[in-house]
Amino acid sequence: MLKKIKNLNKKLSKININSASELEIFRIKYLGKKGILNSFFKEFKYINNYEKQNIGLSLNTFKKNIKNIFLYYKNFFLKKKNINNNIEDLTKPGNKKYLGSRHPISIIKNRIINIFNKIGFKICEGPEIEDDWYNFTALNFPYNHPAREMQDTFFIKKSSKLLRTHTSSVQIRYLEKNKPPIRIISPGRVYRNENISSYSHCMFHQIEGLYLDKKVSFKDLKNTINFFIKNFFGKSITRLRPSYFPFTEPSAELDILWNNKWLEIIGCGMVDPIVLKNVNIDPDLYSGFAFGMGIERISLMIYHLNDIRFFFENDLRFLEQFKKEF
Ligand code: DAH
């Protein structure tokens, strides 16, 4: 038996296994139930005590040798298989990534912007933290004027800063730095000191528009707004109703007939000459119109919602419903 083990050890030192199936043959031959190792152990039982110690030692090293060879090749072929599997993975579809959805306010905002882009209005944004000049004074809200009451906001203590109450402040910022012709649209977030309820919030979004050039008339205002309404709502019944804003004269409110009710959606008017003077533009040479609308109000209409708070709760069950839109 010693001789047999010696010969086999010699053979094993030169062994070369080339594939997993060859390894399986090796396993069966040496480690299988009826394999060489088992037959040696069976034989070992009948060996006389005198020889047992010597043969036992070499039998154990032989066994270790076989197991090492087997494990080595097993690992080798496993690794190889994994690498091959990884290569195969390249053709498989990748892991699914969770795709979010655009917020409904952004969807509506983009739709509005796209329509005004078509007729040459460029986007211009302004800061949400404003000062009295841009938010009120330059827009002809004199200090102590009751019109300020309509737009109470959050003031920053011991400073002239405040959170803007409307995007109309961007009109002044743009007019101070640019000369007519002007055609801008200003989307953004605005703030009011209001109780939060189903129809009002202390934070919401507006889109402002400003058009300034020579000989701009109320007819241009009406046509522009009608163009927007037609493109956004399709055929619908609207009315322009006289109103009051300190920075436009005359001022109007556009109402739309929606579910048998008149809903006020756009404030507008001809830019007041006082505003133009405040930014050093000659009102005898230039005239223009401005308008402003609340994005939440329009979104509530479009999505048939009855509570503005849905927009700000960040509830995925609500937000996921807008996945199909862009
Ligand atoms: N800034 C007004 C508001 O928040 C909306 C508005 C009305 C804007 C008339 C305008 C305008 O530009 O001409 O209530």
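Leaving aside its neighbours within four places in sequence, T165 is in contact (heavy atoms within 4.5 Å) with N135, F136, Q151, D152, T153, V190, Y191, R192 and Q206. This is a predicted model, in which local features need pLDDT of at least 70 and side-chain atom pairs count only at pLDDT 80 or more, while totals for chains, interfaces and linings use all residues. Residues are numbered from 1 along each chain as its sequence is written, and side-chain values use heavy atoms, with hydrogens and water left out.

T165 sits in the loop between β3 (161-163) and α7. Helices (H or I, at least four residues) and strands (E, at least two) are DSSP runs, numbered from the N terminus. With a relative accessibility of 0%, T165 counts as buried; buried means under 20% relative accessible area, exposed over 50%, and partly exposed in between (1.4 Å probe, protein chains only). The side chains of T165 and N135 are joined by a polar contact of 2.9 Å. A polar contact is a pair of N or O atoms within 3.5 Å; within protein, one must be able to donate a hydrogen and the other to accept it, and residues adjacent in sequence count only if both atoms are side-chain atoms.

Helix α7 covers residues 169-177, and its buried residues include S169, V170, Q171, I172 and L175. The buried residues of α7 pack against β2 (129-131), α6 (132-135), β4, β5, α9 (273-278) and β9.

Two strands pair if DSSP finds at least two bridges between them. Strand β1 (residues 122-123) pairs with β4 in the parallel sense over 2 bridges, and K122 stands opposite I184 in β4. β4 and β5 run antiparallel and are joined by 10 bridges; Y191 has M203 in β5 as its bridge partner. From β5 to β9 there are 8 bridges, again antiparallel, and Q206 stands opposite G294 in β9. Strand β4 (residues 182-191) is largely enclosed by the rest of the structure, because 8 of its 10 residues are buried.

The ligand has 16 residues around it, of which H166, S168, R192, Q206 and E208 come nearest; a residue counts here if one of its heavy atoms lies within 4 Å of the molecule. A polar side-chain atom of Q206 lies 2.9 Å from an oxygen atom of the ligand. For the side chain of Q171, an N or O atom is 3.3 Å from a ligand oxygen atom.

Next come the nonpolar cores. A nonpolar core is a set of buried Ala, Val, Leu, Ile, Met, Phe, Trp, Tyr and Cys residues joined through side-chain atoms within 4.5 Å. The largest has 38 residues, and I112, F228, I265, I266, F291 and M293 have the most contacts inside it. At least two residues of this core come from each of α5 (104-118), β5 (203-213), α8 (218-233), β7 (248-258), β8 (261-271), β9 (287-294), α10 (295-302) and α11 (316-319). α5 gives the most, with 7 residues. Neighbours within four places in sequence aside, I265 is in contact with I229, F233, L254, I256, G292, M293, G294, R297, I298 and M301. A second, separate core of 24 residues includes A138, F245, V279 and A290.

The UniProt record, an unreviewed entry, places the feature "domain: Aminoacyl-transfer RNA synthetases class-II family profile" at residues 108-313. The end C-alpha atoms of residues 108-313 lie 18 Å apart, and the span is 26% helix and 33% strand. The unreviewed UniProt entry also lists E249 for "binding site". UniProt positions are given in the numbering used here, feature names are shortened, and annotations may be inferred rather than shown by experiment. E249 is in strand β7 and touches M270 and D272, not counting residues up to four places away in sequence.
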